Amino acid sequence: AERAHGVELPGVRSIRPEVERPVAEAIECGLSMRYEDRPQSIQDFRHLLVQAPTLGAEVTLAELDDVLVQLKQFAFDRRACPSCGGVLEEPKPLKKQTCPVCRRGLIKLRELDDRVCPICRAGILRKIGNVAPLAFCPCCSVGELTKKRVSFLAAKQVFDCGSCKVKFESTPDGMTLLSLPVSGSCTVEVGANKSFEEWRDLSGRAGEAWKCDGCSAQFDGLKDGRRKQILPTEDARALYPEEWARIAVRLSPSAGNAFCEDCHAEFDVDGDQVSLISAREDPFEFAERYAGRLLTWDDLRWLGVGKESPRSGYVCYDCGTELDQDGEYLRLVRTENPKLIRHVDEPKTLEDWHRLARGLPEISEEVEFRSKIEEAVVKAYVKGEIGFDAAGLVLWNGQATRLDDRQTSNLVIKRTEITFGGMLRKWRSPFDAVLGASAQGHVLSLSLSGVREAVEFDVEPVELTAALKSGRRTVELGASELAERIEGERRKDEG
C-alpha cells in the first residue's frame, strides 16, 4: 500500500551490499509494482538471476578500483579449487562392480528364485490353472477338487473337495452343487447350477494359482503381477514374485537382488541399470545423494568417486565443485559458488575459473575492463565524488577565453564563487547565481541571475589526477564534463 502511494522500494544492495548486482536487480525487477514490468516466466527470472555482471555506468569507481587492486595481487595455485581454495583431486573411476558406498567390496548378485516357497523355504511352487474346470473348491476356497467319471461310459464328471467334502457334478458349461460341505457353510443351495467363472467369483479365488509341493501353501496371481497368500492365513499378504523370493531366503521383501560383500549395502540390479536401496554406513555420502536413483554401471564407477560426469577431470571434495577436462580447457560440471554457477557447462582455462570465482574479469576481458577506469574517474568527477582539491570545493581551475571580450585568463569555479581574470582585473559571480550551465564543443555557457545574456567561455581541457588504491589515474576534462558537474551541484543545492 505504501508503494502504491509513491514510497520507493529500498535497493537490495543498500541493505545487503554483499549480494551480487544481477541477483539484486532480478529481485527488484520481480518486485515491480506493475505486473507487465516483472519477469513473465521462471525462465525469464532465471535469466535475470544468472546474467553476467555488466561493467556499465552503474559500476562505481570504488568497485572498479577494488577489482584493479585484486588484479594486481592476483595469483593462483594450479592444484587449488577456484571455488573454495581446497585441493583439486583427479579421481579415477572405480573398477567394474565395485561398491560405490564403501569403495572396497564387490557388488554380488543374489541367487533368488521366485519358484521357492516363501513359507517352508524348501518346497517348489507349482502353477495351477483355476479356470475350466476349477482346481479349487468354490465353497471353502482352499480345498482342491478331484474329478472322476460317474461311470466308464458316462460323459458327466463328479468333483470332490478334499477339504470340506462338498460334491459337484459337471454340466456342459459349468457345475451343479450335489451336496453341502460337512463343515462350514455354503451360500448356495443344493442343485444350484453355475458356470465355472461364476463359481470362481463366488470363491474369491483367481484364475491362476500356485501351490507348494512341500507344505501345501497356496498363492493367487493378481492382475497387477503380485501373488496373494491364501494358505496359511496367518500374516497373509500380497507381494510381487521377486519380494516373495527374498522372503524365501530370509530377507526383507525390500532387500535388493544384489549386495556388497564388504559393507552389505543393498542394490537392485536389472541388466545395465543399478539402484542403491540402503546402506548401513555411508563414509563418502554416496547413499545420501543417490539412494533410490536409477543408474548405470558406468554411472556408478564415476559417481562412486565423487564425479557426476562420466569423463576425466577434477573434483574438490571440500565443496563439491567439479571440472571436466575439455582439451586445453576445463568445463564446469557443478558448483555451489554463486559467482561460478552461472557458467556451468562452459569451457574456460583454470586461470579464468580462478578469476571468475574472485569476481575478476577473464583474461580476454581485462584490457576492456582496465579502460573502464578512466571513464569511471570522469563519471566520479561529474557526480562530485572527486575534484581538484581534497575538500571538494574547487570544481574547475584552468585556462579559458571569455567570448564577449576575447580575454584569456584563468577560470576558477568553486562551490562558493566563480572568478575569471588576473589580480588587477577579475570578474566574480556567486556560485548560487548560476541558473543553468550547458556546453557545446569547448564552449561553456552560464546563465546567471540578473544577467540578460549568458556568459560564455571557450574552455581549454584540463587534466585531473585521481589518487586511487590501484594507482594514480589522470583523465582529461572539458566543457561538457564541467557543465554536467555544475548542474549536479545546482541540483544538490535545490534539493
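The protein chain holds 11 helices and 29 strands, where helices (H or I, at least four residues) and strands (E, at least two) are DSSP runs numbered from the N terminus. Its radius of gyration is 44 Å, well over the 23 Å that the globule rule gives for 495 residues, so the chain is more spread out than a compact globule; the radius is taken over C-alpha atoms, and the rule is 2.2 Å times the number of residues to the power 0.38. This is a predicted model, in which local features need pLDDT of at least 70 and side-chain atom pairs count only at pLDDT 80 or more, while totals for chains, interfaces and linings use all residues. Residues are numbered from 1 along each chain as its sequence is written, and side-chain values use heavy atoms, with hydrogens and water left out.

**Overall dimensions and burial**

- Taken along the principal axes, the C-alpha atoms of the protein chain fill a box of roughly 150 × 55 × 30 Å.
- Buried residues make up 41% of the 495 residues, with buried meaning under 20% relative accessible area, exposed over 50%, and partly exposed in between (1.4 Å probe, protein chains only).

**Salt bridges**

- The count comes to 38 salt bridges, each being a side-chain nitrogen of Lys or Arg within 4 Å of a carboxyl oxygen of Asp or Glu.
- R485 and E489 form one of these bridges, with their closest N and O atoms 2.9 Å apart; the two residues are 4 apart in helix α11 (residues 479-494), and therefore separated by about one helical turn.
- R485 counts as buried at 2% relative accessibility, and E489 is buried as well, with a relative accessible area of 4%.
- D326 and R331 meet through their side chains at 2.6 Å, N to O, and here D326 is partly exposed at 29% relative accessibility, as is R331 at 25%.
- D113 pairs with R115, the closest N and O atoms being 3.0 Å apart; D113 counts as partly exposed at 26% relative accessibility, whereas R115 counts as exposed at 51%.
- A network of salt bridges links K307, E308, R311, E322, D324 and R334.

**Surface charge**

- D173, E197, E198 and D201 gather in a patch of negative charge on the surface, a patch being made of residues with over 30% relative accessible area and no salt bridge, with like charges joined within 9 Å.
- D201, one of the residues in this patch, lies in helix α5 (residues 196-203) and counts as exposed at 52% relative accessibility.

Technical notes
Patch = residues over 30% accessible without salt bridge, like charges linked within 9 Å, V, L, I, M, F, W, Y side chains within 5 Å. Areas by Shrake-Rupley, 256 points an atom, 1.4 Å probe, with all protein chains shown as cover. Lys, Arg positive; Asp, Glu negative; His and termini not counted. Charge placed at Lys NZ, Arg CZ, Asp CG, Glu CD.
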